[in-house]
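Biologist: I would like to learn how to read a model of this kind, one feature after another. Where should we begin?

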Amino acid sequence: MAAASEEAIKQFSVLMEQLEEPLKTTFQNVHQGYPRGTLLRFLKAREWNVPKAYKMLMDCLNWRLQNEIDSVLAKPILPADLYRSIRDTLLVGLTGYSKQGQPVYAFGVGLSTFDRASVNYYLQSHIQMNEYRDRVVLPGASEMSGKQINTCLKVMDMTGLKLSALNQIKMLSTITAVDDLNYPEKTETYYIVNAPYVFSACWKVVKPLLQERTKKKIKVLYGPGRDELLKVMDYASLPHFCKREGSGSGSSSDEVDCYSYDHPFHQELYNYVKQQALRNQDSVGPAKQGSMHVRVPTPDLEEAKIMETIQSELHSLKAGDGISRSFSRITIEGP
């Protein structure tokens with residue numbers, strides 16, 4: 001396998017050496033000085049099939065050019081109150097680092113509402129966080145660890161997840177499509193915590209559809225998962241919703257939770273984007289305010305099948321005894 005992998009990387013490298021501008025420049029922004037690692041990520045995402053991995057990467061580079069992703073970190077979401085509203089309804093943040101030096105991100109899936117801004121703003125914010133991770137957070141983690149760090153861990157909190165909340169599945173599937181097709185293999189492990197019955201029912205039917213590579217990345221933990229997470233990170237890096245056993249989303253009164261606009265991570269990210277905007281303004285003039293309109297990639301067949309299966313399962317739950325009234329208005333659509 002090692003010899004086959006090296007041969008695949010060699011073939012892929014030869015193809016990428018033929019890039020011309022502007023694809024060459026945007027590829028440099030993707031690999032951040034580590035082209036081999038980027039080729040590995042795309043090869044893994046396409047099961048080591050070189051032509052498929054090459055097409056995936058070329059589609060990614062063209063997507064970046066068409067949507068001006070290279071300059072997304074110079075486009076602040078204004079005014080600041082709008083950005084605060086996004087932080088209040090798209091619950092995600094950096095909580096610390098694993099024992100291996102990887103950034104740990106928390107995502108409040110169940111309590112995110114996506115109801116205070118347009119889809120374009122939520123997508124812009126998510127892509128900015130991806131780009132900030134790749135250009136700032138991961139290089140910083142590598143420097144702190146004294147070794148290359150190119151993946152993160154994600155702790156997905158399902159607290160508050162209800163079938164009514166799953167109306168937000170369209171936004172979540174949009175984010176997933178962007179990540180799967182343009183930022184593959186950036187997450188080493190997804191830890192699912194505080195999973196209610198709704199998640200468990202859907203997971204039972206979705207899990208068999210996933211590739212083995214994907215299934216190995218997802219770990220569903222009991223309750224808030226504190227004991228399991230402490231095997232891979234220190235207590236200080238635990239998300240606030242994992243620190244109190246059995247408390248779901250509880251946090252101590254003297255700490256700002258990682259989702260908040262006031263958390264140091266979000267303040268640093270937002271200030272970074274504003275500084276980049278000022279530098280860009282000096283060279284090309286003031287940027288227009290407003291959200292970016294990013295084209296959402298078409299999800300691949302695996303994700304489309306998963307969405308279809310979730311919809312079918314929700315319809316089955318809706319027809320169950322004693323819960324049909326709660327689910328009567330649920331509709332699930334793809335992006």
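Modeller: Begin with burial: a residue counts as buried when its relative accessible area is under 20%, as exposed when over 50%, and as partly exposed in between. Keep in mind that this is a predicted model.

Biologist: Is Q102 buried or exposed?

Modeller: Q102 has a relative accessibility of 7%, so it counts as buried. This residue belongs to the loop between β1 (92–97) and β2 (103–108). Its side chain makes a polar contact of 3.1 Å with the side chain of T151. Beyond its neighbours within four places in sequence, Q102 is in contact with G96, Y97, I149, T151, C152, L153 and E188.

Biologist: What share of the residues in the protein is buried?

Modeller: Of the 335 residues in the protein, 48% are buried. The protein has 12 helices and five strands. Among contacts with a separation of 6 or more, 78% are between residues 24 or more positions apart.

Biologist: Which residues does S112 touch, not counting those up to four places away in sequence?

Modeller: S112 touches T89, L90, L91, F107 and Q168. With Q168, the separation is 56 residues in sequence and 8.4 Å in space, C-alpha to C-alpha. S112 lies in the loop between β2 and α6, and its relative accessibility is 4%, so S112 counts as buried. One is the backbone nitrogen of L91, reached at 3.0 Å. Another is the backbone oxygen of G108, which lies 2.7 Å from a polar atom of the S112 side chain.

Biologist: Now a helix. How do I check the length of α4 against what its 18 residues should span?

Modeller: Count 1.5 Å a residue, taken over one less than the number of residues. For the 18 residues of α4 that gives 26 Å, and the end C-alpha atoms are 26 Å apart, so the two agree.

Biologist: What is found at the start of α4?

Modeller: There, a side-chain oxygen of N49 comes to within 3.0 Å of the backbone nitrogen of K52.

Biologist: Which residues of α4 are buried, and what do they pack against?

Modeller: The buried residues of α4 are V50, A53, M56, L57, M58, C60, L61, W63, R64 and N67. They pack against α1 (2–16), α2 (23–31), α3 (35–45), α6 (119–145) and α7 (169–182).

Biologist: Which residues line the largest cavity?

Modeller: Its lining consists of N29, V30, R41, C60, R64, E131, D134, N182 and Y183. The elements giving two or more residues to this lining are α2, α4 and α6. By class, the lining has three nonpolar, two polar and four charged residues.

Biologist: What should I look for in the backbone?

Modeller: Most residues other than glycine have a negative phi, and most peptide bonds are trans.

Biologist: Which peptide bonds are cis?

Modeller: The bond from E21 to P22 is cis, with omega near 0 degrees. P22 is in the loop between α1 and α2. L78 and P79 are also joined by a cis peptide bond, with omega about -5 degrees, and P79 is in the loop between α4 and α5 (80–89).

Biologist: What is phi at E68 and at N194?

Modeller: Phi of E68 is near 55 degrees, a positive value in a residue other than glycine. E68 follows α4 and is partly exposed, with a relative accessible area of 46%. Phi of N194 is also positive, near 55 degrees. N194 lies in the loop between β4 (187–193) and α8 (197–206), and at 14% relative accessibility it counts as buried.

Note on methods: Residues are numbered from 1 along each chain as its sequence is written. This is a predicted model: local features need pLDDT of at least 70, side-chain atom pairs count only at pLDDT 80 or more; totals for chains, interfaces and linings use all residues. Side-chain values use heavy atoms; hydrogens and water are left out. Helices (H or I, at least four residues) and strands (E, at least two) are DSSP runs, numbered from the N terminus. Buried means under 20% relative accessible area, exposed over 50%, partly exposed in between (1.4 Å probe, protein chains only). Contact means heavy atoms within 4.5 Å. A polar contact is a pair of N or O atoms within 3.5 Å; within protein, one must be able to donate a hydrogen and the other to accept it, and residues adjacent in sequence count only if both atoms are side-chain atoms. On a 1 Å grid over the protein atoms alone, a cavity is a set of points where a 1.4 Å probe fits but cannot get out, and a pocket is an open set with protein on both sides within 12 Å along at least five of seven lines; lining residues have an atom within 4 Å of a point. Ala, Val, Leu, Ile, Met, Phe, Trp, Tyr, Cys and Pro count as nonpolar, Asp, Glu, Lys and Arg as charged, and the others, Gly among them, as polar.
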